[in-house]
Amino acid sequence: MLNYTCTFPGSQGIVTAPINDKLRDSVYPEVFKVLRLAGMVQNRDWEYDKQARELRIIPSRTTIFFRTTEHPYNLAGPTLAWFWMDEARNSPYEAFTELHGTLRQQGFPRQAWVTSTPRGKKHWLRRLFDREGYNRDYPDEALPPPVLGEYRTYQAPTRDNPYGGYQLY
């Protein structure tokens, strides 16, 4: 997210989590930590409006919205260059499609990042990102056409996480 916003100044994006507690407990601390690790100082390089749930990266003139996916149809509206869905396994498919429709900010490459832990073989993430595997396991089930775009999947096993992943594994 930070790399994109610094590479493409003026872009707008949205970060989602399933519920406000996840934004507060997981997403915000990590985003703010990354900003600090990048040497960025609050109120000089970035500002966060808690009431509006908006982060502004001052040097790149970027606005980042933070929202939940509890009511997916409320995600429609903004014109964005990118979005990041965290823990998408607990978000409805409609949240993804609503966000996908916001990727219309002119002059920017449109990107979406979806991070999650697995939820099961029949989850919408697998139908979208592993269509071949889904068809192999459920050959009699017709899949809807994919939302336009190119999809890449990167697996990151828990045991490979340098922050205590091996112990959790």
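In which sense, parallel or antiparallel, do β1 and strand β4 pair? The two strands, β1 and β4 (residues 62–68), pair in the parallel sense over 6 bridges; two strands count as paired if DSSP finds at least two bridges between them. Within β4, Thr-68 is the bridge partner of Ala-17. The structure is a predicted model, in which local features need pLDDT of at least 70, side-chain atom pairs count only at pLDDT 80 or more, and totals for chains, interfaces and linings use all residues. Residues are numbered from 1 along each chain as its sequence is written, and side-chain values use heavy atoms, with hydrogens and water left out.

An open sheet is formed by 6 strands in the order β2-β3-β4-β1-β5-β6, with mixed pairing. Strands (E, at least two residues) and helices (H or I, at least four) are DSSP runs numbered from the N terminus. The edge strands, β2 (46–49) and β6, each pair on one side only.

Helix α2 (residues 20–37) lies across β1, β2, β3 (54–57), β4 and β5, and runs at about 155 degrees to β4. Helix α3 packs on the sheet, touching β1, β5 and β6, and its direction makes about 165 degrees with that of β5. Contact means heavy atoms within 4.5 Å; axes are lines fitted to C-alpha atoms, for helices over the stretch in contact, and angles run from 0 to 180 degrees between N-to-C directions.

In α3 (residues 93–100), Ala-95, Phe-96, Glu-98 and Leu-99 are buried, that is, under 20% relative accessible area, with exposed over 50% and partly exposed in between (1.4 Å probe, protein chains only). These residues lie on the same side of α3 because they cover an arc of only 165 degrees around the axis, taken from the directions from the helix axis to the C-beta atoms. Their cover includes β1 (12–17), β5 (82–86), β6 (111–115) and α4 (124–129).
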